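Hi,

Here is the model I promised to send over. Have a look at it first, and my notes follow below.

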Amino acid sequence: MLNLSGKVAIVTGGTRGIGKSIVMKLAEQGAAVALNYRKSSKEADELVNEIKSKGRKAIAVQADVSDFNGAQNMVKRVVEELGSVDILVTNAGMNWDGVVWKMTEEQWDNVINIDLKGTFNYIRAVAPFMKDKNWGRIITITSINGLRGKFGQINYSAAKGGVVAMTKACAKDLGKFGVTANSVAPGFILTEMGESMPDEFKQAAINESALKKAGKPDDIANLVVFLSSEEAGHITGEVIKVDGGQYI
Ligand SMILES: NC(=O)c1ccc[n+]([C@@H]2O[C@H](COP(=O)([O-])OP(=O)(O)OC[C@H]3O[C@@H](n4cnc5c(N)ncnc54)[C@H](OP(=O)(O)O)[C@@H]3O)[C@@H](O)[C@H]2O)c1
């Protein structure tokens with residue numbers, strides 16, 4: 001069993017879907033967990049109480065990931081209240097799809113600010129602490145559509161492709177300080193975001209996967225827990241797909 005006792009993790013967008021599963025699994029392995037969210041304060045409070053009832057430390061912070069200063073403030077608060085920051089999972093993300101000839105500036109800016117800049121904001125905020133500690137695990141959540149480009153998702157594909165490049169550059173910047181940076185690329189996963197896709201898109205995703213099924217949030221969280229561990233310490237700059245063979 002992987003042991004994350006004594007580690008402090010930040011998970012962005014931790015109230016539901018993939019983020020919630022990551023929060024729960026990191027806590028189950030012994031980590032103290034700080035999660036953030038934008039709107040879902042009731043869900044965040046319930047999750048924190050559930051983790052505390054299992055004897056782990058947890059806090060929730062309302063902070064839009066696109067806000068640079070919000071990220072700085074959250075990380076400072078986590079260090080003050082939980083003692084350090086060892087693991088960062090940049091999970092918060094959203095999509096606002098449209099074909100290129102119809103996409104508005106607002107659609108583009110929203111997705112780039114949350115999915116791409118939001119990832120930078122949190123990496124930037126934790127990097128000085130991990131560097132000083134000579135230990136850290138950064139795990140970004142991209143998408144197979146950031147690797148191949150997807151019809152109707154020029155903004156989301158660009159943001160998630162940028163996350164991959166950012167993760168690799170980060171692995172080079174921080175490697176000599178004992179900090180690893182890796183990216184997990186989900187295929188179609190059954191969450192609110194996944195379910196919001198039109199039925200024909202969902203069926204097409206299942207049809208194109210080798211395993212002929214959608215993934216579950218826990219499929220992503222299991223890999224994130226491994227990449228957070230001491231045992232994954234010689235893996236960095238990697239992008240690992242968890243997609244049931246959807247993009248081979
Ligand atoms: N589901 C899939 O099929 C799939 C496939 C590939 C990649 N992914 C990626 O996996 C990640 C999680 O996706 P999911 O399906 O679990 O999404 P989800 O069910 O829509 O959950 C998104 C989470 O992110 C939070 N969030 C959204 N915008 C935020 C912001 N600006 N600041 C802070 N928190 C914010 C939400 O909190 P609030 O409710 O408070 O807004 C929620 O906790 C995303 O990065 C997504 O792009 C998902």
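Helix α2 (residues 41-53) lies across β2 (32-37) and β3 and runs at about 170° to β3. Contact here means heavy atoms within 4.5 Å, and angles run from 0 to 180 degrees between N-to-C directions, with axes fitted to C-alpha atoms, for helices over the stretch in contact. Helices (H or I, at least four residues) and strands (E, at least two) are DSSP runs, numbered from the N terminus.

This is a predicted model, so to speak of local features we need pLDDT of at least 70, side-chain atom pairs count only at pLDDT 80 or more, and totals for chains, interfaces and linings use all residues. Residues are numbered from 1 along each chain as its sequence is written, and side-chain values use heavy atoms, with hydrogens and water left out.

Now the sheet: seven strands make an open, parallel one, in the order β3-β2-β1-β4-β5-β6-β7. Two strands pair if DSSP finds at least two bridges between them. At the edges sit β3 (58-62) and β7 (239-242), each pairing on one side only. On average, neighbouring strands are turned by 15° against each other, direction ignored. Further in, β4 (residues 87-90) and β5 (residues 136-141) pair in the parallel sense over four bridges, and valine 89 stands opposite isoleucine 139 in β5.

Then there's a helix pair. The axes of α1 (residues 17-28) and α9 (residues 217-228) come within 8 Å and cross at roughly 45°.

Cheers
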